[in-house]
Amino acid sequence: MMNADTQRWPDSFDFRKDLLCQTRFKPYILKQLDLLAAYDAKRPAGSTYIFHEHARRVAQDVKNTCLYLNLGETVAENMYWAVLIHDIGKMQFPPEIWDSDEKPSDNIKAYRRTHTEKGAKQFEKDFGDTDHPFKRLAAEIMRLHHEQMDGKGPNGTPGTALSAPVRLAAIVEAYDGWSIPRPHFDGRDTSPPAVIQRIRTEKAHMFDLELLESFAEMKLSLYK
Ligand SMILES: [Fe+2]
Ligand SMILES: [Fe+2]
């Protein structure tokens with residue numbers, strides 16, 4: 001459910017100075033990234049979409065977009081740490097389900113997409129004794145990052161119920177997924193301009209278009 005402090009950009013705490021963030025959330029996140037790297041190591045040698053690398057790229061791009069939008073360092077850092085763990089639910093599946101030479105079937109895709117709810121439940125359980133705006137932010141991003149503005153995401157959440165942090169995470173995370181060449185992409189162009197153009201033309205219904213353009217400006221300004 002939405003709550004007051006996640007409808008807007010997270011500025012009610014500062015991850016870099018907050019005691020609970022530094023003493024509990026940060027070590028947890030770093031440990032989860034190590035576990036994700038170990039999980040990636042169990043996947044086939046040829047896999048290109050490496051989850052712990054994806055997590056760091058997405059977090060960095062989200063942070064850069066926040067800074068580009070002048071949301072300030074605090075929001076940018078808070079978002080960075082929350083996004084780093086968005087896919088930890090993937091580790092609850094056998095590692096072999098992620099890599100296939102063919103385009104995955106809708107069934108497989110839907111099954112894989114439950115990593116959102118699985119991750120959020122695990123995270124909320126691991127911090128069951130804690131109430132903190134970072135916990136709500138990270139859980140919301142974990143749970144909703146594959147939802148769509150047109151309401152046709154895996155859980156059917158309507159776009160009006162998606163907060164700005166979730167909308168931005170959804171854009172950046174999808175962009176990253178589409179910019180990593182995979183066997184079933186059949187050699188299509190995965191350069192930043194091509195991926196952004198493809199999102200604008202074929203995937204626009206999924207995303208917040210204003211945030212998409214801000215992200216695109218930020219990303220393309222770095223690509224020369
Ligand atoms: Fe995901
Ligand atoms: Fe992701």
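Q: Does cysteine 21 count as buried or exposed?
A: The relative accessibility of cysteine 21 is 0%. Buried means under 20% relative accessible area, exposed over 50%, and partly exposed in between, with a 1.4 Å probe and protein chains only. Cysteine 21 therefore counts as buried.

Q: On what basis are these values given?
A: Residues are numbered from 1 along each chain as its sequence is written, with chains lettered from A and ligands numbered from 1 in the order written. Side-chain values use heavy atoms, without hydrogens and water; local features need pLDDT of at least 70 and side-chain atom pairs pLDDT 80 or more, whereas totals for chains, interfaces and linings use all residues, the structure being a predicted model.

Q: How many disulfides does the whole structure hold?
A: A disulfide is a pair of cysteine sulfur atoms within 2.5 Å. The sulfur of cysteine 66 has its closest cysteine sulfur, in cysteine 21, 15 Å away, which means that the two are too far apart for a bond. A search of the whole structure gives a count of 0.

Q: Which residues are the protein donors of the iron ion (ligand 1)?
A: Donors are N, O and S atoms within 2.8 Å of the metal (3.2 Å for Na, K and Ca); water is not among the atoms, so sites may look incomplete. The protein donors lie 2.1 to 2.3 Å from this ion, one through OD and the others through NE2. They are Asp87, His115, His145 and His146.

Q: Which residue bridges the iron ion (ligand 1) and the iron ion (ligand 2)?
A: The two ions lie 3.5 Å apart, bridged by aspartate 87. This residue is in the loop between helix 3 (73-84) and helix 4 (106-113), 58 residues from histidine 145 in the loop between helix 6 (133-144) and helix 7 (164-179); helices are DSSP runs of H or I, at least four residues, numbered from the N terminus. With a relative accessible area of 2%, the buried bridging residue is aspartate 87.

Definitions and conventions. Helix = DSSP H or I, 4+ residues; strand = E, 2+ residues; numbered from the N terminus.
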